[in-house]
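Here's a quick briefing to read with the model open in your viewer. Have a look at the chain below, then go through the notes.

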Amino acid sequence: MSYQVLALKWRPKNFPAMVGQEHVLRALINALDNDRLHHAYLFTGTRGVGKTTVARIFAKSLNCEIGITSTPCGECSACREIDEGRFVDLIEVDAASRTKVEDTRELLENVQYAPTRGRFKVYLIDEVHMLSTHSFNALLKTLEEPPPHVKFLLATTDPQKLPVTILSRCLQFNLKRMSPEMIAGHLAHVLTQEGISFDQPALTMISEGADGSMRDALSLLDQAIAYGGGQLAEDEVRVMLGTIDRSYVFSMLQGLADNDAAAILETINGLAQQGIDFTAVLAELVSQLHKVALAQIAPQAIDGSVDHETLVALAQKISPEDVQLYYQIGLIGRRDLPFAPELRSGFEMILLRMLAFRPDTASTQQVRKQAAAPASVRSPATTASAPVSQAQTTPLAPNSTSAAPTASIVRSSSGEWHEIVEQLGLKGMVYQLAANAVLTGRKGNVLRLALSPQHASLRSKAMEQRLQDALQAFYGEPVKLEFVTGADVQQTPAGIQQRQAEDKQQAAVDAINTDPNVQRIRETFNAQVVSDSVRPVE
């Protein structure tokens with residue numbers, strides 16, 4: 001007997017053999033078991049999800065010799081002939097090749113006649129959206145008033161192209177794309193029954209490459225078995241599919257975690273030597289970033305993944321904010337990559353952009369090094385002659401071992417806080433949070449920071465935690481932050497910087513206006529100095 005391809009050999013013959021699509025099968029089974037049958041059914045969905053398979057099983061359920069049932073016997077002549085595609089009362093039509101109105105009229109000429117052998121005459125029209133407008137009009141009359149012995153089963157990948165008059169006369173069932181896990185499970189069952197050895201990662205690659213289509217998955221499985229000489233090995237399937245070796249992707253993610261541009265560029269060079277498509281590499285990188293985010297927020301979502309340990313390790317090393325930033329840059333990069341002069345250089349720029357825009361949180365070592373700066377910059381205040389009550393609200397002095405710093409620090413809190421913020425080495429959102437706050441004092445180990453109402457949106461648990469960590473390293477002891485509203489914007493580090501910049505700008509303008517040469521030019525040519533064009537010397 002000649003070889004039968006897996007997609008045909010393992011095509012379901014009954015509803016229980018179907019993989020997925022439970023929402024559709026439940027409705028059809030209940031309709032058959034309760035004898036609540038409609039005259040027209042429309043099955044929609046992408047290629048290879050089971051539209052025509054469901055339609056054929058339904059046709060078999062209608063014409064099985066044991067009666068209308070959701071569990072056709074599969075043994076009677078009607079069931080066997082439908083399975084073999086030679087049942088006279090099942091008329092299958094490919095609308096893509098019969099689009100003319102004459103074809104439709106010819107098809108419907110015998111609708112009024114009773115079925116030859118079966119209980120119902122079933123018309124299965126595949127890719128029905130390909131019919132012409134006139135063909136739909138010819139079909140519409142029959143759909144409006146069908147004979148009791150006729151059932152229409154329509155299938156399409158594009159229901160949007162069907163006239164609303166056709167849609168309104170059909171029961172519509174949308175078959176969903178299948179998940180990679182569902183496809184991989186079925187492929188494992190097929191290979192076990194076929195007695196073929198396989199690697200689980202190879203099945204994962206095939207199921208992901210099938211893009212939700214079980215038929216495509218079985219076709220790829222056939223190809224992989226032939227390529228591997230009767231077995232499925234991960235390396236061979238990767239070569240066959242042209243799939244990216246994930247070790248390269250994880251190497252780049254590790255480089256991002258380590259802020260190591262040299263390692264990233266070395267990995268990219270290795271990919272270039274293999275002639276890999278960088279568009280596919282970027283897609284895989286974005287996909288793995290998604291999985292890293294899942295490992296951080298919902299770890300159970302990646303249980304069973306072949307790369308579980310690697311994903312968990314990356315999730316612990318890269319902050320959630322950085323993962324989201326890298327993901328967004330990767331998505332935008334996928335859109336812009338075709339416009340790059342060369343794909344490799346465009347891909348390199350996307351990775352370098354991830355590093356460049358990464359929020360620069362100072363490491364503990366750097367902050368501790370800064371904490372050892374000259375005492376003249378951050379010296380603890382001298383103790384006042386009067387004892388200070390522990391309940392009194394006073395700010396915490398950096399690296400101070402005194403339990404109660406004096407109130408003199410409160411009086412210079414704006415300048416002191418401005419200097420502290422500049423030495424923390426913060427960047428990005430966490431710097432904005434610190435720069436737009438005012439240190440109003442402390443109570444025990446709690447630092448009280450005031451924000452103006454217009455800057456309240458800068459607060460988030462993640463940003464507050466990062467600022468608290470930097471301050472703990474700066475002071476050399478545990479601290480907690482307490483935020484209140486009502487800060488004077490002029491007293492914040494950002495306000496002080498703006499004031500200083502404005503003073504510098506005004507001084508530069510004044511210097512230009514009082515310059516003798518400039519004054520002569522103004523008098524001679526009736527010229528004016530454009531103040532906005534003046535820039536102070538840094």
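Arg56 counts as partly exposed because its relative accessibility is 26%, where partly exposed is the range between buried (under 20% relative accessible area) and exposed (over 50%), with a 1.4 Å probe and protein chains only. Keep in mind that this is a predicted model: local features need pLDDT of at least 70 and side-chain atom pairs count only at pLDDT 80 or more, while totals for chains, interfaces and linings use all residues. Residues are numbered from 1 along each chain as its sequence is written, and side-chain values use heavy atoms, with hydrogens and water left out.

**Salt bridges**

- There are 22 salt bridges in the structure, each one a side-chain nitrogen of Lys or Arg within 4 Å of a carboxyl oxygen of Asp or Glu.
- Arg56 pairs with Glu92 in one of them, at 2.8 Å from N to O.
- Since Glu92 sits in strand 2 (residues 90–94) and Arg56 in helix 3 (residues 51–63), this pair ties together parts 36 residues apart in sequence; helices (H or I, at least four residues) and strands (E, at least two) are DSSP runs, numbered from the N terminus.
- Glu92 is partly exposed too, at 36% relative accessibility.
- Arg169 and Glu144 make another salt bridge, with their closest N and O atoms 3.0 Å apart.
- That pair links distant parts of the chain, 25 residues apart: Arg169 is in the loop between helix 7 (164–167) and strand 5 (171–174), and Glu144 is in helix 6 (residues 133–144).
- Lys317 meets Asp258 at 2.6 Å, N to O.
- Here Lys317 belongs to helix 15 (residues 308–317) and Asp258 to helix 12 (residues 246–258), so parts 59 residues apart in sequence are tied together.
- Shared partners join Glu208, Arg246, Glu284, Lys291 and Asp307 into one salt-bridge network.

**Pockets**

- The largest pocket has a volume of about 600 Å³. On a 1 Å grid over the protein atoms alone, a pocket is an open set of points with protein on both sides within 12 Å along at least five of seven lines, a cavity is a set where a 1.4 Å probe fits but cannot get out, and lining residues have an atom within 4 Å of a point.
- Of the 24 residues lining the largest pocket, Pro180, Glu181, Thr204, Glu208 and Lys291 lie nearest its centre.
- Helix 8 (180–194), helix 9 (200–209) and helix 14 (278–297) are the elements giving two or more residues to that lining, and helix 9 has the largest share, with four.
- The second largest pocket comes in at about 450 Å³.
- Its lining has 23 residues, and Arg11, Gly48, Gly50, Thr53 and Arg215 are the closest to its centre.

**Cavity**

- There is one cavity of 30 Å³ or more.
- The largest cavity has a volume of about 50 Å³, and its lining is made up of Val93, Arg98, Asp103, Thr104, Leu107, Ile125 and Leu131.
- Helix 5 (residues 101–108) gives the most to this lining, with three residues.

**Helix 23**

- Helix 23 (residues 461–475) has 15 residues and should span 21 Å at 1.5 Å a residue, which agrees with its end C-alpha atoms being 21 Å apart; the expected span is 1.5 Å times one less than the number of residues.
- Its buried residues include Leu467, Leu471 and Phe474.
- Gly476 follows helix 23 and has a positive phi, near 80°.

Note on methods: Points joined across faces, edges and corners; volume = space filled by probe spheres on them.
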